[in-house]
Amino acid sequence: MRFKLSDWSVRDWALTVLALVVLAAVLLAGSRSMATGAAGDVLGVRFGGDADHTRVVIDLGRSARGEVIESGGAGRVVLTLAGVGSGRGVDGTGSGLVRDWRVSPSGTASRLQLALGRTARIERRFLLPPGDGVTHYRYVIDITSTGGAVAGTTTRPAATRAPMRAERPLVVIDAGHGGHDPGALGAHRSESSVTLAAALALRDELLRTGRYRVQLTRESDVYVDLYRRVRIARQADADLFISLHADAGADPATRGASVYTLSEQGASRAVREVTRGDNWHQDLHLPGRDPSVDRILLDMTQRATQNRSAQFARVLLTHLEAADHPLLRRSHRDAGLAVLLAPDVPAVLLEMGFITNPDDERALGDATERRQLVRAVAEGIDRYFSQTSAPLQMAALNSAGGVP
């Protein structure tokens, strides 16, 4: 059968043109979808550890195969990740051994380049599939320093070292429960006993660095009122408040750490608690000339505090993951917990694990594993203060008498 274009009607031409337009749109959408998928294969790069041992985690949208090109002996780690795209490339500042990094296209693969502060070697590398609440792949590289200088670079402090200040930051550590309140109970231990042991170990770890002042809300098996714990931190003018707890659940298979910061509902509750008295503005060192202005200043201060709390939570979870500490599904959570209500002290509550899980309970009761945990927390505190070199200050009036 032969088709003659001269015999086509206007309707035939219109339907043909419409079909071609639809086909072109489908092809264009498909090509854009593939490009977008490739650009999103490398989701991000994260770091944990210190200037001697650094873990690099590359979050991936799909599985990848790594091939090492340079292994760190010359101060650079370079490898390709076959099977994933990098879009137009991404880069940023590193942490620990890594000064800066870049992911760029390399044919059909992605090329990862890590510029190091010292010579190093790759200790191990592996691919983690989705699981344990994480929905994407993770390519992990553990790098260990070999101590050599890198040509063409100058020595500078490790990224996790807290900057010099006029006064060392004050960290208040709160051991949850205590006294007549044992908290959650495991097969062999109570929550109050493991939180106190962890608080004492974290205090010793921080004091050992010489970079911090440390205060505990309790140093023995006594009960301290929840609101008093907050007052201790505020009255001491703390730079950071961390409350240690152990979780519990009906399913003994559930395990892993999580970090809580203040929810929006909790923030409203905090304002009500703070402004309950007639002289609340004096307690917050506000001018006190205009209640409406003071309230605005309080809101600004609380927002800054919430942002810093969330920043510390993210940093802390990164270091816990780098230390291979199990994490709960959706490990960063928010709630209106009483110990998080201070409007002017960045605060988190760390659930170190599930005391109702046999593995977590054993780890929380073991001195060696507890030391590894608090070391990761201390490294997270170091990293947090290196990123927030200026202390949190209450908002103040400008010279014209208005809000800055």
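The model is predicted: local features need pLDDT of at least 70 and side-chain atom pairs count only at pLDDT 80 or more, while totals for chains, interfaces and linings use all residues. Residues are numbered from 1 along each chain as its sequence is written, and side-chain values use heavy atoms, with hydrogens and water left out.

Phenylalanine 354 belongs to strand 15 (residues 347-354); helices (H or I, at least four residues) and strands (E, at least two) are DSSP runs, numbered from the N terminus. With a relative accessible area of 5%, phenylalanine 354 is buried. Buried means under 20% relative accessible area, exposed over 50%, and partly exposed in between (1.4 Å probe, protein chains only).

Now select helix 3 (residues 226-235), where Arg229, Val230, Ile232 and Ala233 are buried. Seen down the axis of helix 3, these buried residues fall within an arc of 155°, so they line one face of the helix. The arc is that of the directions from the helix axis to the C-beta atoms. The buried residues of helix 3 pack against strand 10 (170-175), strand 11 (213-216) and strand 12 (240-247).

At the N-terminal end of helix 3, select aspartate 225, which caps the helix: one of its side-chain oxygens lies 3.0 Å from the backbone nitrogen of tyrosine 227. Beyond helix 3, move to aspartate 237, in the loop between helix 3 and strand 12. Aspartate 237 has a positive phi of about 60° although it is not a glycine. Most residues other than glycine have a negative phi. Aspartate 237 is exposed, with a relative accessible area of 62%.

Select arginine 330 in strand 14 (residues 327-335). Arginine 330 also has a positive phi, of about 50°, and is not a glycine. Its relative accessibility is 54%, which counts as exposed.

Finally, select helix 7 (residues 358-365) and helix 8 (residues 367-387), which pack at an angle of about 85° with their axes 5 Å apart. Helix 7 is therefore roughly perpendicular to helix 8, a term for angles of 65 to 115 degrees. Arg362, Ala363, Leu364 and Gly365 in helix 7 meet Ala367, Glu369, Arg370 and Leu373 in helix 8.

Conventions: Axes fitted to C-alpha atoms, helices over the stretch in contact; angles between N-to-C directions. Parallel < 35°, antiparallel > 145°, perpendicular 65-115°, else oblique. Contact = heavy atoms within 4.5 Å. Polar contact = N/O pair within 3.5 Å; in protein donor to acceptor, adjacent residues only side chain to side chain.
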